[in-house]
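Hi everyone, thanks for making time today.

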Amino acid sequence: MEQEYIRLAVGIPRVTLADCEQNRATITTLIDEAISKQVDILVLPELSLTGATCGDLFFQSTLLTAAERALASLIAHTAGSSILVAVGLPALADTEHLNCAALIQGGKLLGIVPKATFPNRFSPATPYTKPEITLAGVTVPFGKHLLFPCPKYPTHTVAIETDQTQTATIYLNLTATPEQIGQATARRNTLAAQSADRSAAIAYAGAGHGESTTDAVYSGHGLIAANGQIHTETQRFTPHTQLIHHDINLNALSVRDGVLDIPFSNSPATPHPTMPFFPPGPLDDHCQEIFTLQTVALKHRLESSGCKTAILGVSGGLDSTLALLVAKNAGDVLGVSMPGFGTTARTRELARQLMDALNVPHREIDIQAACLQHFADIGHDPSVQNIVYENTQARERTQILMDLANQTGGLVVGTGNLSEIALGWSTYGGDHMSMYAVNAGLPKTILRAVVTWLADAQYYGPTVSVLLQNILNTPISPELLPPDQSGSITQKTESLIGPYALHDFFLYYVIRHGYPPANILTLAESAFADTYNRSTILRWLNLFYRRFFTQQFKRSCMPDGPQIGPISLSPRTAWHMPSDALYTEWQRELDRLL
């Protein structure tokens, strides 16, 4: 029997957001490279003609027209070639805005397949029920169930992955899924399982470099799987355009009835782990991936904003330490130490030594005189060490960083973490604000784990590792109140608002699963049986709900920052909640648990 082989390829272009002409040129180069390598089928990512993260620009007729014009150019470019190309673009059909895959071959548009809705942007395909659509000047078949003949062997079929995919020999998955910790492994396992279940080949093209890092990071992960195996994949997080291919033996693929879609899953390895934000797998691998995600996000933001340098306040505490290490990994950094009324000699020296060891240019600007002047201006007695006394320092530091960014053409990197965002443990208009919040996707427990990994791995050498260990052993504190007579920290965060281990646990099950207080209490009692008793858990669970609800106004205007794990509190893409919502119903249930 003659063996029937086709060459299946995935192309990951470096996109330029909302510049369809530039994207067309990049994709044209990819098509030419694929043709030179005798590729039969090429799949490109979702919405690759525009970029998948254009937001409300998808409703602008200028962008839609430009995408259609770019598609027409690609169609013409394939004339004289048998390569089958699947490319993603937005389209307007009657009044419906659709997220589509266009199939091109031999100078012709073969058909348009609508994908599932893109969050908060595109319409589902169901309202547009016509079997045809006019795009790029031609009328072609339209629908989720379209099948296309395989180049060279038309008895085999090609389908675009949708929520209602037909049974086929080869599946093309155009996607724009943000990267998260553990997602790459889950993706490989899912595609391998799907290809085995279907006895088929799957080409997966994920959006990559050039997509917005406002609230997420896109890795440009491309994979080709067949009969239960991943045969080849792209390098994630590379800024370069990539093309991978694999020869598929069609005789080894037998089409079977029924399609089983296995959703990506980051289910925890144990029923109630104390750190549920970590998916299954080696801890070191997860920490490496987190650090890479943060670095890629910040580097891209610096490039896209045209800023030369990352500017950040370095306090000698855990959050600013990780932000500094990420910024050092991403490019040029200016570190700024800003001692105030509560700064201890320990953290002040740790900050200086860390920046010296990393060869980071730094400045020290004492904020006490400026704060005293401000107290005089507003008529505040500095001996009254209340919220005015504390927040003045945080806002003065932010003003200094913002002005230095203007002075140097830099970008202020925020240091606050997901736990603080959930609890509102920040000064509004102070450390609450930055130009890019690189730690915004990490709860405190995970952030600590990443710094521990960096220290243990001696990522920046033995000297930095010793300093990191000292920072890890320093009590968590905003250091806004004066130290005690021995010069030690008096204001310890976890004594004031509770253990971050518990708050991160609460956050995961409240946001990820929507569990009520009674269920969360039961889970926490199981997970922390050897650490915290019921009354302690209930005390801090009460505080969590109170602060989570009352501090939403800070989240409603939080800066951009990348989602790293399964939870984001970004008001733009992930968590939508009114700032004046009451937690009365949750409090009633908590009261019944006492």
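Let me start with a definition: a crossing of two helices is left-handed if the near helix is turned anticlockwise from the far one by less than a right angle, and right-handed if clockwise. What you see is a predicted model, where local features need pLDDT of at least 70 and side-chain atom pairs count only at pLDDT 80 or more, while totals for chains, interfaces and linings use all residues. Residues are numbered from 1 along each chain as its sequence is written, and side-chain values use heavy atoms, with hydrogens and water left out.

How confident is the predictor? pLDDT is its confidence in each residue, from 0 to 100. The protein chain has a mean pLDDT of 92, and 95% of its residues reach 70 or more. Residues 255–270 have pLDDT below 50, and this stretch has 41 contacts in the model beyond near neighbours in sequence. By contact I mean heavy atoms within 4.5 Å.

Now the sheets. Helices (H or I, at least four residues) and strands (E, at least two) are DSSP runs, numbered from the N terminus. Two strands pair if DSSP finds at least two bridges between them.

Angles here run from 0 to 180 degrees between N-to-C directions, and axes are lines fitted to C-alpha atoms, for helices over the stretch in contact.

Within this sheet, look at β3 (residues 84–93) and β4 (residues 96–105): they pair in the antiparallel sense over 10 bridges. P90 stands opposite N99 in β4.

Strand β12 (residues 222–226) runs antiparallel to β13, and four bridges join them. L223 stands opposite E233 in β13.

On to the helix pairs. Two packed helices are described by the angle between their axes and the distance between the axes. For the wording, angles under 35 degrees count as roughly parallel, over 145 as roughly antiparallel, 65 to 115 as roughly perpendicular and the rest as oblique.

Take helix α6 (residues 345–357) and helix α11 (residues 462–472), whose axes come within 10 Å and cross at roughly 155°. That is why α6 and α11 are roughly antiparallel. Their crossing is left-handed. From α6, R346, L350, Q353, L354 and A357 meet T463, V464, L467, L468, N470 and I471 in α11. By class, this contact of α6 with α11 has seven nonpolar, three polar and one charged residues. Here Ala, Val, Leu, Ile, Met, Phe, Trp, Tyr, Cys and Pro count as nonpolar, Asp, Glu, Lys and Arg as charged, and the others, Gly among them, as polar.

Finally, which way do α13 and α15 cross, left-handed or right-handed? The crossing of α13 and α15 is right-handed. Helix α13 (residues 500–512) packs against α15 at an angle of about 60°, with the axes 10 Å apart, so α13 and α15 are oblique to each other. The contact includes F506 and V510 of α13 and W540 and F544 of α15. By class, the contact of α13 with α15 has 12 nonpolar, one polar and no charged residues.

Technical notes:
pLDDT = per-residue confidence, 0-100.
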